[in-house]
Amino acid sequence: VASGGPAAGRLRPGDVVVAVGDTAIASAGGLLRAIADAPPGAQLNLQILRAGRAETVTVRTARRGDQG
């Protein structure tokens with residue numbers, strides 16, 4: 001998670017992203033592809049495991065290199 005980036009303050013160290021929307025995530029590469037496929041400004045619901053509990057975190061995508 002980039003400091004000042006779209007997921008800052010929403011994702012924490014140790015969070016495991018298991019799905020982006022309805023797309024299951026099996027690897028770091030799969031997560032990068034799912035996010036890269038979304039247009040800038042898209043709202044994504046990330047299904048995560050945080051401390052063993054399932055949660056949903058919403059983030060908005062940005063252009064590569066954009067902060068916030």
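Visitor: How many salt bridges does the structure hold?

Guide: The structure holds two salt bridges. The term requires a side-chain nitrogen of Lys or Arg within 4 Å of a carboxyl oxygen of Asp or Glu. A word on the basis: this is a predicted model, where local features need pLDDT of at least 70, side-chain atom pairs count only at pLDDT 80 or more, and totals for chains, interfaces and linings use all residues. Residues are numbered from 1 along each chain as its sequence is written, and side-chain values use heavy atoms, with hydrogens and water left out.

Visitor: What makes arginine 50 and aspartate 15 a salt bridge?

Guide: Their closest N and O atoms are 2.7 Å apart. The limit is 4 Å, so the pair qualifies. Arginine 50 lies in strand β3 and aspartate 15 in the segment before β1, so the bridge ties together parts that are 35 residues apart in sequence.

Visitor: What makes arginine 50 and glutamate 55 a salt bridge?

Guide: Here the N to O distance is 3.4 Å. That also falls within 4 Å, so the label holds.

Visitor: Why is arginine 50 called buried?

Guide: Its relative accessible area is 11%. Buried means under 20%, exposed over 50%, and partly exposed in between, with a 1.4 Å probe and protein chains only. Arginine 50 is therefore buried. Aspartate 15, at 17%, is buried because it too falls under the limit.

Visitor: Why does glutamate 55 count as partly exposed?

Guide: Glutamate 55 has 24% relative accessibility.

Visitor: What else does the side chain of aspartate 15 reach?

Guide: It reaches the backbone nitrogen of arginine 12 at 2.7 Å. A polar contact is a pair of N or O atoms within 3.5 Å; within protein, one must be able to donate a hydrogen and the other to accept it, and residues adjacent in sequence count only if both atoms are side-chain atoms. Beyond its neighbours within four places in sequence, aspartate 15 is in contact (heavy atoms within 4.5 Å) with Arg10, Ile48, Leu49 and Arg50.

Visitor: Which elements make up the protein?

Guide: From the N terminus, they run β-β-α-β-β. That comes to one helix and four strands. These are DSSP runs numbered from the N terminus: helices are H or I with at least four residues, strands E with at least two.

Visitor: How are the strands arranged?

Guide: They form an open sheet in the order β2-β1-β3-β4, with antiparallel pairing. Its edge strands are β2 (23–24) and β4, each pairing on one side only.

Visitor: How do you know that β3 and β4 pair?

Guide: Strand β3 (residues 43–50) and β4 share eight bridges. Pairing takes at least two bridges found by DSSP, so these strands pair. Isoleucine 48, for instance, has glutamate 55 in β4 as its bridge partner.

Visitor: What stands out about phi at alanine 51?

Guide: Phi is near 55°, a positive value in a residue other than glycine. Most residues other than glycine have a negative phi. Alanine 51 sits in the loop between β3 and β4. At 80% relative accessibility, alanine 51 is over the 50% limit and so counts as exposed.

Visitor: Is threonine 61 buried or exposed?

Guide: Threonine 61 is buried, because its relative accessible area of 11% is under 20%. A polar atom of its side chain lies 2.6 Å from the backbone oxygen of proline 39.
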